[in-house]
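Colleague: Please pick one part of this model and take me through it closely. Start with the whole, then go in.

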Amino acid sequence: MTAPKTATPEPSAVVTTIKIDGTEYPLVEIRSTGDVLLDVHFMNDSECTKSIPKDALRSLRTKKLPIPSPRIIYRVKLDTIKKYSEFFQILLKPQFSEGIEVARALAALQTSNQDATKVEADKLPVVKIVDEDGATKTFGRELIFKDMLNIVHGSDPVTSPFNTQCIVTLIVLADRYGFIAPVSRHMQKTLNAHKYPVTLDKNGEEALRQKILIQFHTDQGMRFANATKDLILRGSLRWSDTAENGVEFQTIWWDLPYGLEAELAFRRACVLRTIASIQDQFLQIYSSKDRQCKLGYDSSSSCDSFQLGEMIKFLTKKGLLSLVSFQAVSPYDPDYSWPEAYQGDIELLIGILRQCPTYQIDSNHGHCGLRNKLLPALDFIRTCIDTGLGIRLSRSKTGGPVFESWIPAQIPSRSSAKKAVWVGNGEDDVNVAAGKPKQFDFAQARPRMLGSSNTDGGVERTPRGLFTAEKWNWVTEPETSSGRNVLGGSFMTSISR
């Protein structure tokens, strides 16, 4: 569907009044030649948290005035709104009362030899719409509704300044009334040039979420991928154990639709699990009976103990490891001591881990320790974050945006799941019917190019394969034997699983 062509210069959105049932209402003439009226009642209540203009809501509350719910009449061209909006195509079909009334009124005008594009507005058919806004909580939507109709009829928006709140409200209204295609095409230049505020507080996250919602609807695939990556790395006030749920958090961008909210939270958890697995594995192997220092000196055994101690010292100092003694209560008891989940920026987390010093027990052990193993793994994770963490959009058969989710399909029901078949001597039994957990092997993946769809051990050699693996092996040199985890429950990484 093509975007509406720019019309010849014509006074746009002339405001007068019209009397309906004895009451006068504002009449906005989007086109003076319009042949139908949209009677829109914009419902507002005390839960409104935004306004257009920005200070309008604050002024009402300062004066202790109620928030009005304006009723505005818009004169538009019937063919135009039906051409670009499936919403109005359906609403004005002859099988619905609205469609029947419009057709009847236009037929009556034609019968009396009156041109609907030239008669007075009070003689035109009226389509009533109640706009109940639970999505944006914005007072002043009637101004953006006028801008939307202007765009559809080939004119530019008139609201100024046209800030982020105006843009996101326009996109939400366009999605609601089926005008996304013409609005997104008309606004591309404005959207590409728009600067979103960037701060580290709640307002900064809100602007980023609004940016994601806008770009999801407006064919900005690469920008959308970068914006979603930024939110995944930053984290959200809504994803913590003490998630905010006040009125100001109940707009559509604080709970992103179409599965985006769950997808973003899941991808962040995947990245955190992956990063946590590095320190988990090296703590386990350095606390095992297998020697890690391969230099063959008499001090090699002491080197391993020294490195383990320095690892624990560094990670606990940085708040990335918790030492938890045995407990007298079960994990389900409220008195059980759990480490706090990491809620900070993932970029900051990687930066903290990169600060790991080059510990050595003496001058002969310059390449032993965690740092030499940690940095290559972090570099690889950083590359995967840059190349494949953000959500990539594609077009569905119906033309709408879709994405490939990382969230696994639902776990099969107990009746359809395979029954366990245990084989062994009673000490190291193995369930031979169970599927093999997906393991990402760093030694095999590192030399290969990212983006390959080939698999090793059931794991794709892609950023998605890395972050959605069930197990990770970060050891790059051959091991003489498998390590035994003797840490048990004594060490707990402070990152949510």
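Modeller: Accessible areas here come from the Shrake-Rupley method with a 1.4 Å probe. On that basis the accessible surface of the protein is about 26,500 Å². Carbon and sulfur atoms hold 52% of that surface. Keep in mind that this is a predicted model.

Now the overall build. The protein has 497 residues, and 44% of them are buried. It contains 16 helices and 17 strands. Take the contacts with a separation of 6 or more: 72% of them link residues 24 or more positions apart.

Lys229 sits in helix H10, which covers residues 221–234. Is Lys229 buried or exposed? The cut-off for buried is under 20% relative accessible area. Lys229 has a relative accessible area of 15%, so it counts as buried. What does Lys229 touch, once its neighbours within four places in sequence are set aside? Its contacts are Ile385, Asp386, Leu389 and Gly390. Each of these has heavy atoms within 4.5 Å of Lys229.

Leu320 is 21 residues away from Ala341 in sequence. In space, the two are 9.4 Å apart, C-alpha to C-alpha.

Conventions:
Residues are numbered from 1 along each chain as its sequence is written. This is a predicted model: local features need pLDDT of at least 70, side-chain atom pairs count only at pLDDT 80 or more; totals for chains, interfaces and linings use all residues. Side-chain values use heavy atoms; hydrogens and water are left out. Helices (H or I, at least four residues) and strands (E, at least two) are DSSP runs, numbered from the N terminus. Buried means under 20% relative accessible area, exposed over 50%, partly exposed in between (1.4 Å probe, protein chains only).
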